[in-house]
Each structure stands twice: as structure tokens, then as C-alpha cells.
Amino acid sequence: MKLSVWTYEGPPHVGAMRVATAMKGLHYVLHAPQGDTYADLLFTMIERRDRRPPVTYTTFQARDLGADTANLFKTACREAYERFEPEAIIVGASCTAELIQDDPGGMADTMGLPVPVIPLELPSYQRKENFGADETFFQIVRALSRPMERTARVTCNLIGPTALGFRHRDDITELTGLLLEMGVEVNVVAPYGATPGDITKLGSAHFNVLMYPETGEAACRWMERELGQPFTKTVPIGVGATRDFLREVSEIAGKPAKIDETRLRLPWYSASVDSTYLTGKRVFLFGDGTHVASAARIARDEMGFEVVGLGCYNREQARMIRSLAKDFGVDALITDDYLDVEASIEALAPEMILGTQMERHIGKRLGIPCAVISAPVHVQDFPARYSPQMGIEGANVIFDTWVHPLVMGLEEHLLHMFREDFEFHDDAGASHHGSKAVASSESTEATTRAATETPTPGNVSEMGEVIWLADAERELKRVPFFVRGKARRNTEAFAAERGLGEISVDTLYEAKAHFAR
């Protein structure tokens, strides 16, 4: 573990909380110190849930460490059952409580509670949040699911959506509709919205749809082995992936692949005249492995972008991302340190970033537009409206989400480029008021400076710095913001190579011609 201003994943017990919060009738008793109750805010503030997570904390304090912390856990466990009357309980320890080695699972097993008690062994100092969610759901499925007779009609389970997931709520709705069009009904969605009783019915479905490998793959593999249920391997994010997914479902279920594409707009919008400026845009992708892999395919094959870099923060999917990066001819970045990600973005100088909430912050600092494609995300990425990532409507949402930062960036660039125009400068006032435009004081001063400046040729200063003349700085601001940094660096390198101490407009255009060869 290390101290960091930002982390892509929390400790494993946060993953367990995501599963418990997503389910109904399940309670999580967490052996944890007083400070670990911060996790509640992730769900009530960021995800905007209208109730607290179903978690009871032992909340031991420093003075309790010399006494019987095990008894504190037993008391918390008993009171949680009496107060909430859950159908099942999961028990575990936070990263801090793990150090005192109280064995919550063993203690709960000796209490004789009248509901299933499922112990969680989550290695807090070796693994992280997504592993915690995957392992927790796997343990719940293993404890409660049993082989049973299949349903009369072809049904499937939707596996993997959790609380605090990126658009999981809406992805469930979209996939349910797509499957119904093929004549496949949904038996159980889990863990999102499922009860322990629903988990016992998982075995009655004919197959499983693995929506998110990060949080459901271990359970799917167990059900394939123990319950004889195959599971889908394609994540239906993007037009091509959605078509591949439906073909895969068709092969498993023995149903013809049907898809109503009348709602699909992404292919035409990305090929239409007003979207041609997207073609060839250089993009960098970072997030969880599943969403990055899906986004890379969309970026290259469906939007016409050039992928210049990609990576993921969850090491469980590092092998898959490295293989994908090799196919794209780029180096994979596998790290959970946002400073490494920022350094990579700065070096590659992409025109757009597709990432998490952290990459949005990095983009702001570097002046690069960013669209969020993956958790972790902030409150604005839990919208009230229907906004899936999967299926037909998901493809439409992705187009809008990715294009919006570029369109707004283009608008910002045009306003910036014409900011000294008599209509658009800050002193002109609102155009709809009909007031007479006045000359900008800043523009007047700049014009006076430019007229009085007499550039003199010089050498690079002792510190190796190159001076930008005022007219060159103004001309540089006309370069689109998403390539302005690269243009500045190239021009300075060009000037330094030639021993120039000052950069004029002529130098700027000479550098442009040089690097365009």
C-alpha cells in the first residue's frame, strides 16, 4: 500500500460493499475501525442512492485494541441480525482490522445465527476493489446456488452489475430489451437488485450473460463448471460488439439473432459531413480493462480515431490489455498511479482522452478534451436520464459523449481565436443587447506593443530559454487548443536547434513547414 492523493480502486472491502449495496436482503458486517465508515459516502453522495449501504461496522477505537475486539464483532453481528433481519449475512474485515487477526468468519460461524453467514477472505494488502467485488459475489453464489431444473422457456442470468458501477443500471435495461427481441427472457440479474433467494434460482437459467468480467467472471466460471451453464464472452459495448454478442447468444440459445437497428445512429453520425473532423483524431484510453478494450474497438473501427496509447489500472486484466495494445501497435500502460498516466498522456500529446474521472482532471490541466468511459467516476456520471453504454442506445450515447468534448473544444477554440474581434472581446458586451461594440483595451495595448517592438536576432539564453515575441504568442493562440502544446514544443525545439533566442511569427511558420515535411 502507499499514500496517494487519488486511487483508481479502493481496498477489497469496498468491492464487497458494492455487492452488498447492490443486493436486497443481504447485510454486511464489517470489522473495521471508526474511520472506515467513510465508504458510505461513495454510495449516498456519488451514486445518489436514497438509503445507506446495508453495512454494520464494529467501529472499534484505539482504546479497544487492548481489550476484546472479538466480542465487539460478535455484538455487532447479533445486533445487525436483530435489527435488519436479513436473508443472509456476509462478514469480513477492513484493511486495518485485518492486522489484528480476529477471524470474523470463524467468530460468526460459532454464533448459530438462523440465516446463512458467508465469510469473506479478502487480502487487503495484495488485491483491490474489483477483486473484492468479484470474490464476494463468487462466495455468495457458491454458498447459495445449487443445480436445478431449467426453466421451460429459454432464459439467462445477467451477471456482474453492482452498485457504484459505470452505467450498470441502464445497461441492465438495454440488455434485457435486446434479449427479449430474440425471445430470451432474463431469469435473474445479480448482484444488482437480487436477493439471496434469487441467488438460489440462478441454476434454473440456460446460460449466463457476463456483463462485467471485473465483478462477475469468477462466479460465471464456477456456474459453468458446477451448474453446467455456459456464459457469453463478448461485452456488447459498441455497434460491432453488440452484433457479435447477439450472434454468440444465438449460438448458445439456439435462437435466431435479431436486432432492431432503427434506433442506431452512431454509424451514420460518425460518417456524416458534420462529423468528418473526427477522422484521424489521436486518442489515449485508460480505465478498467473491459471498458478500455471496448472503447479501443469503437475508437478505431467505428469513429475513425487513431489510438496512440491505452492502458488499465486493474492488473487482473493486464494480459488482455497488453495483447490488445500489441494489435494496435502501441505500448500498454498497466499502472494504478495517476502520475504515470499523466506523464504518458503528456508525452503522447493526444487530441482527446477517453478515461476515468482522474483523466478528466488530467485533461483539464493539460488542456486536452476528455470523455469518461470507465469507473471510477464522479456524481455527474450517475445521470437521472437513461444513459447506457451497452447495446444500440449505448452506441448512440457513446457517440454523443465522445463528440461533445471535441465540439465544445472547437467552439472554445473559435471564440478564443476571434477574442480580439470587435464583436467578441470581453469589453464588447452581450451581442443581443444591441450595444455598440467598442475596441478591446487589451487588443489596443497589444497592437501598440507590436508596433513599437523591434525584434533583434539573438542567441539562446544561458538558461536555454527561448523568448516568444508578442505577435508570435498571439499567432500561437490561433492554433487549435488540442495541438497547441505540441506546436509550442516543436517551435521551441526548432528555434533551439538554430540557436535562436526569440521566436517571431516567421519562426513559427518556418517550424510548421519543417515538421510538416
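In the predicted model, Glu497 and Arg498 are joined by a salt bridge whose closest N and O atoms lie 3.4 Å apart, a salt bridge being a side-chain nitrogen of Lys or Arg within 4 Å of a carboxyl oxygen of Asp or Glu. Glu497 counts as exposed, at 60% relative accessibility, whereas Arg498 is partly exposed, with a relative accessible area of 42%; buried here denotes under 20% relative accessible area, exposed over 50%, and partly exposed the range in between (1.4 Å probe, protein chains only). Salt bridges that share partners also join Arg167, Arg360 and Asp381 into one network. The structure holds 22 salt bridges. Among them, Arg153 pairs with Glu185 at 3.2 Å between the closest N and O atoms, and this pair links distant parts of the chain, with Arg153 in the loop between helix H5 (129–144) and strand E5 (155–159) and Glu185 in strand E6 (residues 185–190), 32 residues apart. Helices (H or I, at least four residues) and strands (E, at least two) are DSSP runs numbered from the N terminus. Arg153 is exposed at 57% relative accessibility, while Glu185 is partly exposed at 29%. The side chains of Asp170 and Arg169 likewise meet in a salt bridge (2.8 Å, N to O); Asp170 counts as buried at 5% relative accessibility, and Arg169 as partly exposed at 37%.

Residues are numbered from 1 along each chain as its sequence is written. Because the model is predicted, local features need pLDDT of at least 70 and side-chain atom pairs count only at pLDDT 80 or more, while totals for chains, interfaces and linings use all residues; side-chain values use heavy atoms, with hydrogens and water left out.

A search of the whole structure finds 1 cavity of 30 Å³ or more, a cavity being a set of points, on a 1 Å grid over the protein atoms alone, where a 1.4 Å probe fits but cannot get out, with lining residues having an atom within 4 Å of a point. The largest cavity has a volume of about 40 Å³, and its lining consists of Ile237, His291, Ala295, Ile298, Ile373, Gln389, Ile398 and Trp402. Helix H11 (289–302) and helix H15 (391–417) are the elements that give two or more residues to this lining, and H11 gives the most, with 3 residues.

The chain averages a pLDDT of 86, and 84% of the residues score at least 70, pLDDT being the predictor's confidence in each residue, from 0 to 100.

Technical notes: 1 Å grid on protein atoms, 1.4 Å probe; cavity = no way out; pocket = protein on both sides within 12 Å on 5 of 7 lines; lining within 4 Å. Points joined across faces, edges and corners; volume = space filled by probe spheres on them.
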